[in-house]
Amino acid sequence: MKNGAAVRAAGVCKTFRDFWRRPRVEAVRGVSFEVPEGCVYALLGPNGSGKSTIVKMILGLLFPTAGELQVLGRPPRSVEVKRRIGYLPEESRLYPHLTPQETLEFYARLHGLPGDVARRRIGELLEMTGLVHARNRAVGGFSKGMARRVGLAQALLNDPDLVLLDEPSSGLDPQGARQVKDLIVALGKRGKTVLMTSHLLADVEDVCSRIAVVFNGVLLAEGALDELLVRRERTCMSFPTPEEPALMERLAGEVRSVLGHEPEVTHPRQALEPFFLELVRKAQTPGATGAVPSAPLAPFLAGGDSKGAAE
Ligand SMILES: Nc1ncnc2c1ncn2[C@@H]1O[C@H](COP(=O)(O)OP(=O)(O)OP(=O)(O)O)[C@@H](O)[C@H]1O
Ligand SMILES: [Mg+2]
C-alpha cells in the first residue's frame, strides 16, 4: 500500500446475491480511491448508489465480491484495524432499555478500556454531545437526533484513528449539525482520518478536503474539493461597497475598457447557517430546556490519552 493512505480501494465490487446465490444487485462496480491519512473525506451520491455498502466493506462487515481493500495498511477484517476504527451507522442501533451512560459503559467494556479512563471519557463524551441532562434516561425514548448523539459518542469512545460516519448529521437540529461539523474539523486537525457520507452538500463543502461521487456503484468523480470546484475561467474581486454610486460605475468602466467584458456586479450573501446560529445565539436565555451546545471536542479526543492507557 502507498504510504499515507488510511483506506485504499482498488477495483472493489459488491454484488448482493439472493438465497440461491443468484446475483441480485450490483451495488458497487469497480470502485478505486484512496483516503489519505488525516484527511476528512466524503462519499457522496444519490440514494442507493452504494455509499453505505462501501463503508461496510471498509469496516469488514461486508466482504467485497472482487477487488482489493486495505484499511490502515491491513485487510479490513484484521483485529488490529477494528480496534482503531470508530463507526456511526446510518441507522442508530442502540439497546432501547439502556441509558446513554449504560450504553457507553457497555461499549467501554467491549473496547477493554480501564475503568477510570472509561469513566472520564464517558463523562466528556456526554458533555460534548449535550446529553448530560439525559444520561440516565432509557435511549428507547430518545428523539432521532438524541439517539444520533449517543451513536456518535459510542463511535468515538475508543479514540479511533479512522472514523467512519454514515450520514452523521441525519436527524440533528442545526446546532447539533454545526457541532458535528466542528467535531469533524477538530478530529481532522488532530490527525484523525474521517470518512463520511452525507446528502448535505453544503456541510460536506465546509468540512471535507476530498470527495468521491458515486452513482449506481460507479465513481463519477474523485479528488480534492478545491480542484474539483474551482472555476478558473472566472475571477471575483471583493471590496467594501463604495458609498458613491459613480465610483462603482467608474470601476465597471475600467473593467470594460481593459478587458472588453461587461463585469458582473453582485453582493456576496452569507450562508443560512451562520445567520441562523447567530440569531439563536443572541436569543439564548438561561435555563434552556433543549439540547445544550457544548465544547466541540471531548478533552480526551483533543490529545494526551490516545492509547486509552490509564493516567
Ligand atoms: N444487504 C443487502 N442485500 C441486497 N441488496 C442490498 C443490501 N444492502 C444494500 N443493497 C442494495 O445495494 C444498493 C446500494 O445500497 P447502499 O445502502 O450502499 O446505498 P447508499 O448509497 O448508502 O444509499 P442511501 O443514500 O440511501 O443511504 C441499493 O440498491 C441497495 O438496495
Ligand atoms: Mg447509505
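Guide: Start with pairing: two strands pair if DSSP finds at least two bridges between them. Helices (H or I, at least four residues) and strands (E, at least two) are DSSP runs, numbered from the N terminus. In strand 7, Leu195 is the bridge partner of Leu164. This is a predicted model, in which local features need pLDDT of at least 70 and side-chain atom pairs count only at pLDDT 80 or more, while totals for chains, interfaces and linings use all residues. Residues are numbered from 1 along each chain as its sequence is written, and chains are lettered from A and ligands numbered from 1 in the order in which they are written.

Visitor: How do you know that strand 6 and strand 7 pair?

Guide: Strand 6 (residues 162-166) and strand 7 are joined by five bridges, in the parallel sense. At least two are needed.

Visitor: What makes strand 3 a partner of strand 7, and which residue of strand 7 is the bridge partner of Leu43?

Guide: Four bridges join strand 3 to strand 7 (residues 193-197), and the two run parallel. The partner of Leu43 is Thr197. Strand 3 also pairs with strand 8 (residues 210-215), again parallel and over four bridges; there Tyr41 stands opposite Arg210.

Visitor: Which strands are the edge strands of the open sheet?

Guide: The sheet has six strands in the order 5-6-7-3-8-9, with mixed pairing. Strand 5 (85-88) and strand 9 (218-224) are the edges, since each pairs on one side only. From one strand to the next the twist averages 15 degrees.

Visitor: Why is strand 3 called mostly covered?

Guide: A residue is buried if 20 or more other C-beta atoms lie within 10 Å of its own, exposed if 12 or fewer, and partly exposed in between, with C-beta atoms placed from the backbone. In strand 3 (residues 40-44), five of five residues are buried. Val40, Ala42 and Leu44 point one way, Tyr41 and Leu43 the other way.

Visitor: Why are helix 3 and helix 5 called roughly parallel?

Guide: Angles under 35 degrees count as roughly parallel, over 145 as roughly antiparallel, 65 to 115 as roughly perpendicular and the rest as oblique. Axes are lines fitted to C-alpha atoms, for helices over the stretch in contact, and angles run from 0 to 180 degrees between N-to-C directions. Helix 3 (residues 100-110) and helix 5 (residues 144-156) pack at about 25 degrees, with their axes 10 Å apart. Helix 3 and helix 5 are therefore roughly parallel.
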